[in-house]
Amino acid sequence: MSTTTDMLRTYPKDLGGIDQTALADCIDACFECAQTCTACADACLSEDMVAELAKCIRTNLDCADICAATGNVLSRHTGYDANLTRLVLEACRAACKACGDECVQHADMHEHCKICADACRRCQQACEALLAKL
């Protein structure tokens, strides 16, 4: 059981019927992806061919910001807005797809890009799973 699951379990009011397992999985995937994308962008900046990785760096940083924001929005339940939650999840899913697609192009040369692409795919899938349960 994760800390995220523990926090959801202790919430004093009903979470509005949201699947707590899918929610916890998505929150955890968002924060993991945000950290991984930030680290990948930094690793790209350390590469000798940094100019060729400019799009990857930008995509990493955009994805990291969107994932962090999504994780934060999903962690708040007071005054829950289902429409906003759907929109944030859709944006996160799209950012993760774009970042995963970009990173996979560099994965043969840069292991950090492979790791990042995998984290993006996991987050994309977690967003899709939660969207399906809303």
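Analyst: Happy to! Let's start with helix H4, residues 82–104, and helix H5, residues 111–133, whose axes lie 8 Å apart at an angle of about 155°. Please keep in mind that this is a predicted model. Angles over 145 degrees count as roughly antiparallel, and H4 and H5 are therefore roughly antiparallel to each other. The crossing of H4 past H5 is left-handed.

Now for the residues that build this contact. H4 contributes Arg86, Leu89, Glu90, Cys92, Arg93, Cys96, Lys97, Cys99, Gly100, Asp101, Cys103 and Val104. From H5 come Cys113, Cys116, Ala117, Cys120, Arg121, Cys123, Gln124, Cys127, Glu128, Leu130 and Leu131. Sorted by class, the contact between H4 and H5 holds 14 nonpolar, 2 polar and 7 charged residues. Among the charged ones you will find Arg86 and Glu90 on H4, and Arg121 and Glu128 on H5.

H4 has another partner worth a look. Helix H2, residues 20–46, packs with H4 at an angle of about 40°, and here the axes are 12 Å apart. That makes H2 oblique to H4. H2, too, passes H4 in a left-handed crossing. On the H2 side the contact is made by Cys26, Cys30, Cys33, Cys37 and Cys40, and on the H4 side by Leu89, Cys92, Cys96, Cys99 and Cys103. By class, this contact of H2 with H4 has 10 nonpolar residues, with no polar and no charged ones.

The chain has 5 helices and 0 strands, so its elements read α-α-α-α-α from the N terminus on. Of contacts between residues at least 6 apart in sequence, 73% join residues at least 24 apart. As for burial, 42% of the 134 residues count as buried.

Finally, the overall dimensions. The C-alpha trace spans about 50 × 25 × 20 Å along its principal axes. The chain has a radius of gyration of 16 Å, which agrees with the value near 14 Å that a compact globule of 134 residues would have.

Notes:
Residues numbered from 1 in each chain as written. Predicted model: local features only at pLDDT ≥ 70, side-chain atom pairs only at ≥ 80, totals over all residues. Heavy atoms only, no water. Axes fitted to C-alpha atoms, helices over the stretch in contact; angles between N-to-C directions. Helix = DSSP H or I, 4+ residues; strand = E, 2+ residues; numbered from the N terminus. Parallel < 35°, antiparallel > 145°, perpendicular 65-115°, else oblique. Left-handed = near helix turned anticlockwise from the far one by under 90°. Contact = heavy atoms within 4.5 Å. Rg over C-alpha atoms; globule rule 2.2 N^0.38 Å. Buried < 20%, exposed > 50% of the residue type's maximum accessible area, 1.4 Å probe, protein only.
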